[in-house]
Amino acid sequence: MICRLWRGWTDAANAAAYEDLLRSTIIPGIEARAIPGFRHIDMMRRPAGDEVEFATIMWFDDLGSIQGFVGEDAEAAHVPASARAVLARFDERALHYEVFDRRQQRS
């Protein structure tokens, strides 16, 4: 399992618009592609000074699955034009981590 981490930042005025764009367009668009080996996605946000930081963690079976998402350059950021319009800045490259242990906890 590979975990892909990417971050982007908006100013406070654009945070709600970016979150709505993620929920309504970007993530459903990714899901509609039915990428083999793409397991799930977690979206998070937090205040960061005058900005709002967004983090996206995507879970894939392997590097080939990530390449099915973004192409041969697996670290390339996937940032549609609509997102670029409201983001103040973003990571140009995603980080990938090999998940060596994942422990489900009892409720």
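Tyr18 and Ile30 touch the most other members of the largest nonpolar core, which has 25 residues. By nonpolar core I mean a set of buried Ala, Val, Leu, Ile, Met, Phe, Trp, Tyr and Cys residues joined through side-chain atoms within 4.5 Å. Two or more residues of this core come from each of β1 (2–11), α1 (15–32), β2 (38–48), β3 (51–60) and α2 (63–70). The largest contribution, seven residues, is that of α1. Helices (H or I, at least four residues) and strands (E, at least two) are DSSP runs, numbered from the N terminus.

A word on the source. This is a predicted model, in which local features need pLDDT of at least 70 and side-chain atom pairs count only at pLDDT 80 or more, while totals for chains, interfaces and linings use all residues. Residues are numbered from 1 along each chain as its sequence is written, and side-chain values use heavy atoms, with hydrogens and water left out.

Leaving aside residues up to four places away in sequence, Ile30 touches Ile35, Phe38, Met58, Phe69 and His78. Contact here means heavy atoms within 4.5 Å.

Glu51 belongs to strand β3, and its side chain makes a polar contact with the side chain of Arg89 at 2.9 Å. Such a contact is a pair of N or O atoms within 3.5 Å; within protein, one must be able to donate a hydrogen and the other to accept it, and residues adjacent in sequence count only if both atoms are side-chain atoms.

Asp91 sits in the loop between β4 (89–90) and β5 (95–98). Is Asp91 buried or exposed? Asp91 is buried, because its relative accessible area is 18%, and buried means under 20%, exposed over 50%, and partly exposed in between (1.4 Å probe, protein chains only).
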